[in-house]
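Here are some notes for a colleague who is about to work through the coordinates. Please read them next to the structure shown below.

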Amino acid sequence: MTIFCVDDSSTIRMLVKKALEPEGYTVLEAENGKEALSHKDIAGADLFLVDVNMPQMNGFELVKNIKQDTRLSSKPVIFLTTESALEKKNEGKDLGGAGWIVKPFEPPALIKVIKMFS
Amino acid sequence: MMWMYILLLAMSVSLYVYPNGVVPALIAVVCGALAIKAIKEGRAKTRKSVSPTVTDAVHSGSGMEDEANRVTDPRLKDLEDTIAKNARDLQAFAGAREEIAVAVADFGQAISVVESLSDIVISKTENSSKDLSTSIFSISDNSKRVTEEIKELLIEICKGEDSLESDIKKLTKEVDKLDLVMKDFQIMSSEYGQNTDVLEKNVDGISEYSRAITDLADKTNILAINASIEAARAGEYGKGFRVIAGEVQKLAKQSKSISENINTSILKVGTQLVKSSKNHKEIMESGVKAIRQSQKNLLEVTTILTPQVALLGEGINESETLSSSVTADLNAIIVSLQYQDSIRQILGHEINLLNELRGIMENVLVSSGNGVPKTGDRERILDLAKKYFTVRDEWLAFGLNIDEGSMENQDESLKNVTIF
């Protein structure tokens, strides 16, 4: 299963990778929404882990694009963000998000959530 | 009111000069706003106090009459003093407002400097977190690999067909088999001893027969001698009988000789057999003793090894526990490292808030008639900021030169070292 992690923090991307790869997941990375959409392997992603606050294109904009792309619209999107306000969560849900994880994440919890969509 | 305005202004400027976080900045904004508000109110009051009375008075009469009025009417004199004072105040307020505008502009530059410093913090913490993460994951990977190898080794030793545990079980079976062999040997040894006794008795019996045959031969010989004597007495008639008696005597002697030879041979064989049997018995007993000792030794070895294997089994469990513990620690580290991302965002939020405050301050200044916001003096702000710089990267972030003395070491690892 391929997970596409989109986060402007390289540390977070690395931590996600370190948490998921030992479990057998392949992790793709992008720094922001714009970079994610132009990634050559985006169609191969099975699930998106998306930060909300990112430069150039934030997580919400990215999800809008994902949901409009017929190749990607059925792929689950989980927000992985420091944001925890209900208002933001509802916004993410309305955009078609499948879940919301507030950072800092715990690897077992992240794995458990991803397995729900495996 | 003047003292208050000056105080407010002084507070604004002093707080701006020491921008140590969001709260002082907020206080600065509030003080600045209050000062500007007070200035505006002062201007309004001045206009109000001047408008109805003074203008009326000034425009009401001609020069001479005015002079006369001025001299005679003390109220007019007071009003003129008030106008003059208010004019001076207004001038002072205008100066203060100008200073506040400059301070707000400098505040904007200060935010830019703080932003640059925040970028350093973000960049440094991010790089540091990444390096730290890489090292931790490397340690963890190595630890996991070593633990797995130890575990595999322990499993190989403790479990499976070729394991030490299996070898000990085989050894225990062999010990049991040795026990059986030893018992068989004991039985054989015992039977061998009994057979030797039977052989000895049989040899003795044969000796007895041999002696009986010898006795019989002796008696036959005596009988033959007597027969010869009797044949001699019979003279010519006993001549033939004497020949027979002589032959019987010869046979008796031969029988005796054969019997003696048989007896000698049997005794020799018997003695040899008994001796050999005794030797064999001793060898068997010695073998049994050796087997018993081996069995004892093997039992001791299995007794020592069995708890050792059990301990190794516990080692497998411990290595599994250790592996779980490493994973749990790693998860905790992963959580901790993510706070760097939060710090980055919080710093960004602080900068955003400061920028918003600067915008508010500029708007207040514009609305109070100060015109277009000014651009702060970056060089002056940097001069102020430099007073607090202690980290090399702070200077480097603004392209400033820093005198670090001579640190020309040939050894790259000592590049940050100065030997005095």
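**Notes on the helices and the sheet**

1. Helix H5 (residues 164-233) of chain B has 70 residues and spans 100 Å from its first C-alpha to its last, close to the 104 Å expected at 1.5 Å a residue, where the expected span is 1.5 Å times one less than the number of residues. Helices (H or I, at least four residues) and strands (E, at least two) are DSSP runs, numbered from the N terminus. Just after H5(B), B:Gly235 takes a positive phi of about 70°.

2. This is a predicted model, in which local features need pLDDT of at least 70 and side-chain atom pairs count only at pLDDT 80 or more, while totals for chains, interfaces and linings use all residues. Residues are numbered from 1 along each chain as its sequence is written, chains are lettered from A and ligands numbered from 1 in the order in which they are written, and side-chain values use heavy atoms, with hydrogens and water left out.

3. In chain B, the axes of helix H4 (residues 74-158) and helix H7 (residues 339-370) come within 10 Å and cross at roughly 170°; axes are lines fitted to C-alpha atoms, for helices over the stretch in contact, and angles run from 0 to 180 degrees between N-to-C directions. H4(B) and H7(B) are therefore roughly antiparallel to each other (angles under 35 degrees count as roughly parallel, over 145 as roughly antiparallel, 65 to 115 as roughly perpendicular and the rest as oblique).

4. Helix H6 (residues 239-337) of chain B packs with H7(B) at an angle of about 5°, their axes being 4 Å apart, which makes H6(B) roughly parallel to H7(B). B:Val335, B:Ser336 and B:Leu337 of H6(B) and B:Tyr339, B:Gln340 and B:Asp341 of H7(B) make the contact (heavy atoms within 4.5 Å).

5. Over all chains, a search of the whole structure finds 24 salt bridges (a side-chain nitrogen of Lys or Arg within 4 Å of a carboxyl oxygen of Asp or Glu). B:Lys85 forms a salt bridge with B:Asp89, with 3.4 Å between the closest N and O atoms, and both residues lie in helix H4 of chain B, four residues apart, about one turn of the helix.

6. Chain A holds an open sheet of five strands in the order E2-E1-E3-E4-E5, with parallel pairing (two strands pair if DSSP finds at least two bridges between them). Strands E2 (26-30) and E5 (99-102) of chain A stand at the edges, each with a single partner strand, so one side of each is left without a neighbour in the sheet.
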